[in-house]
Amino acid sequence: MSRAYRITVKESSTRELKGSDEICTQLEVLEILPPEVMAELLKKELIQKGYTENPDGTLSREDGNTTVTVNPKTFEVSVKSQVGEEVTLESKRETFGYDDVGPGQQELRERLKKQLDDDIDKKAEHESERLQGQATAELEEKLCDLQPELSEVVNKVTREALKQKARQLGNIKELIEDEETGSLTIKIEV
Amino acid sequence: MTTAIAPTGPPAVSRFEYNLLRILRFLVGQMPADQAMNLVYAKLPAPPCLSRVCVRIAQDTLAKASVLHLAESGGWRRDRFLVDRRPTEGRIWERLPLELRTLAFGPSPLAFLMWLTAEKPTDTSNRWDAPGGLTAADELFFLMAYDELKAEPEVAQALVEKHYFRGNPLVRLAYAGDFAGAAPNFAGCFTGTRVAILECLQPVFAQRWIRSERAKGQIGEWKRMRRQGEVELDTLRAFLNAAQDARRPDLARFVLAANSVLLAPPELGLGFWTGGLQGQGPARLADRIETQRAALAFPRQLETLQSWERQARNVGYYEEDYAASQLWKADWELARGDTVAAKARALVERLDPLRTG
């Protein structure tokens with residue numbers, strides 16, 4: 001007489017999953033003064049905005065999962081968002097075996113284990129996609145805040161460079177500056 | 001006593017040769033596709049070699065059709081190109097000496113025709129490919145052949161893997177988006193007969209790019225758009241670098257001319273290129289932006305052309321390149337280069353999520 005038995009296999013795996021997104025762009029800084037002077041002005045402005053200088057000469061600022069890096073020499077900006085999570089993934093499968101016909105217990109267990117590994121890989125992939133989406137959403141949100149901030153920085157650098165250039169050209173007779181609109185009028189005597 | 005000369009009938013060729021010659025006439029644009037495609041798809045056992053008569057007819061057809069093609073494409077135009085660093089005006093046969101206009105075919109066109117007649121290109125175990133380098137005339141023939149065969153997507157798919165199309169600079173320049181992999185070496189295009197061919201084909205290349213760019217608005221797949229744009233970018237960059245190295249900006253005139261036509265409508269937006277993309281696209285923002293930037297590969301080349309114009313402005317009257325630089329400045333003005341380049345730049349900037357200034 002054939003006897004059926006049930007085999008249940010559980011598998012769990014803890015993985016460090018990451019999702020990241022990054023965009024790179026270039027600040028449009030006018031070449032009013034020599035590049036090294038413009039770089040110095042940009043560096044000064046960025047430090048005032050909370051950026052710290054790295055050993056390679058770039059400036060960066062971390063804000064939650066997002067890191068903004070500016071290279072003051074090339075005016076390149078990179079905004080990177082990285083989300084990491086330690087996830088425990090579990091899966092469970094059952095099957096039936098018979099003691100007289102069909103594959104043996106060992107073989108059934110191995111088959112189940114293979115299926116469980118696939119299940120866990122799929123779950124990990126799904127989780128990675130979720131983290132990826134989260135990283136992209138955070139990046140998009142960050143870009144909305146960063147765009148006006150960097151525009152302001154570029155505007156300030158341009159104004160400061162214009163003032164220095166004006167001083168090099170002659171005596172400044174009148175200087176009208178509007179912080180809100182960013183407009184600057186300089187009258188110089190050459 | 002007089003000897004009567006017997007009237008000679010049409011030259012006799014075998015069935016295989018007859019098909020081969022008909023396919024050749026189709027490939028050089030002298031026979032409609034509907035009459036020839038059944039021959040392309042048919043399989044016929046290939047003879048060990050072709051008869052003298054067949055080879056003579058094939059040579060005659062190739063010689064006449066390729067010259068006619070070049071003349072019709074743009075050789076007839078009274079145009080200005082650089083000859084020995086000086087702008088020279090006239091039709092192609094007035095500008096260039098005969099030795100630079102002589103087309104010499106190698107064995108590859110006939111070998112290709114034999115393969116195409118014997119095999120069904122979409123279903124064959126004979127993966128024949130051109131073994132060695134192609135002559136300038138061979139490259140022109142394969143461009144003409146691709147022009148005709150491209151209409152059949154399955155055939156085109158089978159052909160893009162072959163060296164005589166994939167490594168052919170003329171085919172890659174006319175149909176950059178159809179190919180994958182690294183761009184071919186364009187350095188050879190700026191010497192000898194290839195110069196004459198490039199000069200003649202300028203209007204053809206401009207038309208091809210206009211058509212290709214207009215079709216981009218119909219591309220729905222993000223992956224396909226990115227792949228096509230990246231290949232186009234690589235190809236155009238390689239070509240423009242080679243043109244700059246050879247000091248022949250006039251041979252890149254088609255890039256300027258096509259962009260001038262494409263960017264002429266006042267209300268042109270990004271939708272012209274990316275309007276057909278379906279859904280949200282890739283999950284990563286970086287990939288979405290890269291895809292859209294890739295779609296603009298062609299107008300982005302105006303940045304390079306504008307840098308040539310700036311260099312040309314700085315060439316002094318007594319410098320060697322003065323005459324050449326004047327020609328590029330004239331081309332730039334004729335194509336409203338400044339306006340067109342500003343428009344292209346504005347389009348690219350719209351894709352920058354951190355646009356400042």
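**Figure 1. Chain A in outline.** Chain A of this predicted model holds 2 helices and 7 strands. Along the sequence, these elements follow the pattern β-α-β-β-β-β-α-β-β. The radius of gyration of chain A is 30 Å, while the globule rule gives 16 Å for 190 residues, so chain A is more spread out than a compact globule. Its C-alpha atoms fill a box of roughly 110 × 30 × 20 Å along the principal axes.

**Figure 2. The open sheet of chain A.** Five strands make up an open sheet in chain A. Their order is β1-β5-β4-β3-β2, and the pairing is antiparallel. β1 and β2 (52-53) of chain A stand at the edges. Each of these two has a single partner strand, so one side of each is left without a neighbour in the sheet.

**Figure 3. β1(A) alongside β5(A).** β1(A) spans residues 4-26. Its partner, β5(A), covers residues 76-98. The two strands run antiparallel and are joined by 23 bridges. One pair to look for is Glu16(A), whose bridge partner in β5(A) is Glu86(A).

Figure 4. β4(A), residues 66-71, pairs with β5(A) in the antiparallel sense. The pairing extends over 6 bridges. Val68(A) has Val79(A) as its bridge partner in β5(A). Asn71(A) has Glu76(A) as its bridge partner in β5(A). The two strands form a hairpin with 4 residues between them. In the turn, Phe75(A) has a positive phi of about 65 degrees.

**Figure 5. Where chain A touches chain B.** The contact takes 19 residues from chain A and 10 residues from chain B. On the side of chain A, β1 (4-26) and α2 (105-169) each supply at least two residues. α2(A) gives the most to this side, with 12 residues. The residues on the chain A side divide into 8 nonpolar, 6 polar and 5 charged.

**Figure 6. Chain B in outline.** The secondary structure of chain B comes to 18 helices and 2 strands.

Figure 7. Chain B is divided into domain 1 (15-166) and domain 2 (219-357). The C-alpha centres of these domains lie 31 Å apart. Their contact takes 6 residues from domain 1 and 7 residues from domain 2. On the domain 1 side, β1 (79-83) and β2 (86-90) of chain B are the elements that give two or more residues. β1(B) gives the most to that side, with 3 residues. The domain 1 side divides into 3 nonpolar, no polar and 3 charged residues.

**Figure 8. The β1(B)–β2(B) hairpin.** β1(B) and β2(B) pair in the antiparallel sense over 5 bridges. Arg80(B) stands opposite Glu89(B) in β2(B). The strands form a hairpin with 2 residues between them. Asp84(B) lies in the turn and has a positive phi of about 55 degrees.

**Figure 9. α16(B) packed on α18(B).** Helix α16 of chain B covers residues 302-313, and helix α18 of chain B covers residues 337-349. They pack at an angle of about 145 degrees. Their axes are 10 Å apart. α16(B) passes α18(B) in a left-handed crossing. From α16(B), the contact uses Leu302(B), Leu305(B), Gln306(B) and Glu309(B). These meet Gly337(B), Val340(B), Ala341(B) and Ala344(B) in α18(B). The residues of this contact divide into 5 nonpolar, 2 polar and 1 charged.

Notes
Residues are numbered from 1 along each chain as its sequence is written. Chains are lettered from A and ligands numbered from 1 in the order in which they are written. This is a predicted model: local features need pLDDT of at least 70, side-chain atom pairs count only at pLDDT 80 or more; totals for chains, interfaces and linings use all residues. Two residues are in contact if their C-beta atoms, placed from the backbone, lie within 7 Å. Ala, Val, Leu, Ile, Met, Phe, Trp, Tyr, Cys and Pro count as nonpolar, Asp, Glu, Lys and Arg as charged, and the others, Gly among them, as polar. Domain bounds come from an automatic or database domain assignment. Two strands pair if DSSP finds at least two bridges between them. Axes are lines fitted to C-alpha atoms, for helices over the stretch in contact, and angles run from 0 to 180 degrees between N-to-C directions. A crossing is left-handed if the near helix is turned anticlockwise from the far one by less than a right angle, and right-handed if clockwise. The radius of gyration is taken over C-alpha atoms; the globule rule is 2.2 Å times the number of residues to the power 0.38.
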